[in-house]
Amino acid sequence: AAASHDLLQPISAAKLYLASLRQTKDDAHRENLVTRIETAFESVESILEALLDISKLDTGAVSLNRTQVRVDQLFRTLQNQFNEIAARKNIEFHMRSSHLCLSSDATYLLRIMQNFVSNAIRYTNHGKVLVGVRRVPGALRLEVHDTGAGIAEDEIETIFGEFKRLNSAQHVPGMGLGLAIVARACELLGHELTVNSVEGRGSTFAVTVPRCHAPEVIDHPRDISMAESSSLDGLIVLVIENDEHVRQAIVDLLEGWDAAVLDAADFEQADQHIDALSMPPDVILSDYHLDHGTGVDAIKSLRRRYGKIPAALMTADRSDQIALDAKENGIAMMHKPVSPRALRSMMAYLRS
C-alpha cells in the first residue's frame, strides 16, 4: 500500500503537469512544467529501483562480486553526484579521501554510501556534510557526518524499516526505502553498520569494510562522468532498438548533441545501413531484447564484419547473466531507464 501510494503520487502530478503543458503558450511556464514532469518521473524511477533492490535482497537473488574497491574512486563518484545538490542548499560538502583499497562489492558499497550522503544532505538545512575514512584494525570505516536535525536515540532502529520515516521528516522528500536497502546490503556483505546521532546537532552514519591487501595506489584514472563535457560533433552512432518510440527518442537526443545517427530495429537493418554508408560507425548503442536475437548477438555479428567497434548495451533486464555476457564480450552496459546525462557520458567515453 505504501509503495502504491508513493508511485501514484508523482504519476498523478505528471499527468496534471502534462495537461497544463498542452494549454500554456508561455515559454517560461512551459520550461518550468517540463522540469516538474522530469522530476516526477525521476521519483517514479527511484521508487521502482528501490523496490527492485529490496526484492532482490529479500529473496536472495543477489550475486555478490567482491573486488578491490579504491576509496578515492568511490569518493570521486560521490563528489561528482552530490556537489551540485549540496551547493543548491548552500551546504558545505567536503571529502577526506584516501588511496587505500577495500574488499567489497563495488555496486552495493556505492549504493550504501549514496544513501548515507543523500540523507545527510536532505536532512541538513545549514552547515556541513563531511565524507571521510578512518583506519580500524584490518578494515576501513567509511563515515558520513552531518550537522542536520539528528535522530532521537529511541528512533534509530525505526529508520531502517521499509517506508519508515521519522515524524519530524514528513515534509522532507524521500520514500523511506534507502536505509532499508542499506541495512540489508550491509548484512549481506558482512559489513558493520553504525549510527551515532544527537537530536538537533547532527548524525554520523558509517560502514566498516575489510581492507584489501593490495598496495596503496596513487594514480588518478579518468572518471567516466567527466566525459559528458566532451563534444559528440561528428560522432557516427548506430542505434539498434526494436521499440520505435524509444529509438526515435534516442535519435533525437543524440542528434541534438551533433552526433550523426543511423537507426535500426535489428541486425539486418543495421548491416544494410553500414553497407550503404560504406564505413563502420564509431559507436554502437543497442537494446538487449530485439525482435530477432539479442543486442549482444547483433554487436558480435557486426564486429565480425567491420572490426571491434566500441559498443554499449541498454537494457531493463538486470539479470547477472546479461551483465556477464556483456562483460565477456567487451560491451559496456547501461540499465533502462537511461538518463540523458549517463547516455552522453557513455557516448563520450566510448568515443575516447
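Among contacts in the protein chain between residues at least 6 apart in sequence, what percentage join residues at least 24 apart? In this predicted model, the share is 71%. The protein chain contains ten helices and twelve strands. Of its 352 residues, 42% are buried. The accessible surface comes to about 18900 Å², and carbon and sulfur atoms account for 50% of that area.

The largest nonpolar core comprises 45 residues, and those with the most contacts inside it are Phe 75, Met 113, Phe 116 and Val 207. At least two residues of this core come from each of several elements, among them α2 (27-59), α3 (71-88), α4 (106-122) and β7 (202-210). The most is given by α4, which supplies eight residues. When neighbours within four places in sequence are left aside, the contacts of Val 207 include Leu 109, Ile 112, Met 113 and Phe 116. Leu 140, Arg 141, Leu 142 and Cys 186 are also in contact with Val 207, as are His 191 and Glu 192.

Five strands form an open sheet in the order β2-β4-β5-β7-β6, with mixed pairing. Strands β2 and β6 (192-198) lie at the edges, each pairing on one side only. On average, neighbouring strands of this sheet are turned by 15° against each other, direction ignored. Strands β4 and β5 run antiparallel and are joined by eight bridges; Val 131 stands opposite Val 144 in β5. Helix α3 packs on the sheet, where it touches β2, β4 and β5, and its direction makes about 175° with that of β2.

The count of salt bridges comes to eight. In one of them, the side chains of Glu 143 and Arg 141 meet at 2.9 Å, N to O. Glu 143 is buried, because its relative accessible area is 5%, whereas Arg 141 counts as partly exposed at 24% relative accessibility. A further salt bridge, at 3.2 Å (N to O), is formed by the side chains of Asp 263 and Arg 247. This pair links distant parts of the chain, with Asp 263 in strand β9 (residues 260-264) and Arg 247 in helix α6 (residues 244-256), 16 residues apart. Asp 263 is partly exposed, with a relative accessible area of 30%, while Arg 247 counts as buried at 13%.

The side chains of Asp 287 and Lys 336 also meet in a salt bridge, at 3.2 Å, N to O. Asp 287 belongs to strand β10 (residues 283-287) and Lys 336 to the loop between β12 (332-335) and α10 (340-351), the two being 49 residues apart. Both Asp 287 and Lys 336 are buried.

Definitions and conventions. Residues are numbered from 1 along each chain as its sequence is written. This is a predicted model: local features need pLDDT of at least 70, side-chain atom pairs count only at pLDDT 80 or more; totals for chains, interfaces and linings use all residues. Side-chain values use heavy atoms; hydrogens and water are left out. A nonpolar core is a set of buried Ala, Val, Leu, Ile, Met, Phe, Trp, Tyr and Cys residues joined through side-chain atoms within 4.5 Å. Buried means under 20% relative accessible area, exposed over 50%, partly exposed in between (1.4 Å probe, protein chains only). Helices (H or I, at least four residues) and strands (E, at least two) are DSSP runs, numbered from the N terminus. Contact means heavy atoms within 4.5 Å. Accessible areas come from the Shrake-Rupley method with a 1.4 Å probe; for residues, only the protein chains shown count as cover. Two strands pair if DSSP finds at least two bridges between them. Axes are lines fitted to C-alpha atoms, for helices over the stretch in contact, and angles run from 0 to 180 degrees between N-to-C directions. A salt bridge is a side-chain nitrogen of Lys or Arg within 4 Å of a carboxyl oxygen of Asp or Glu.
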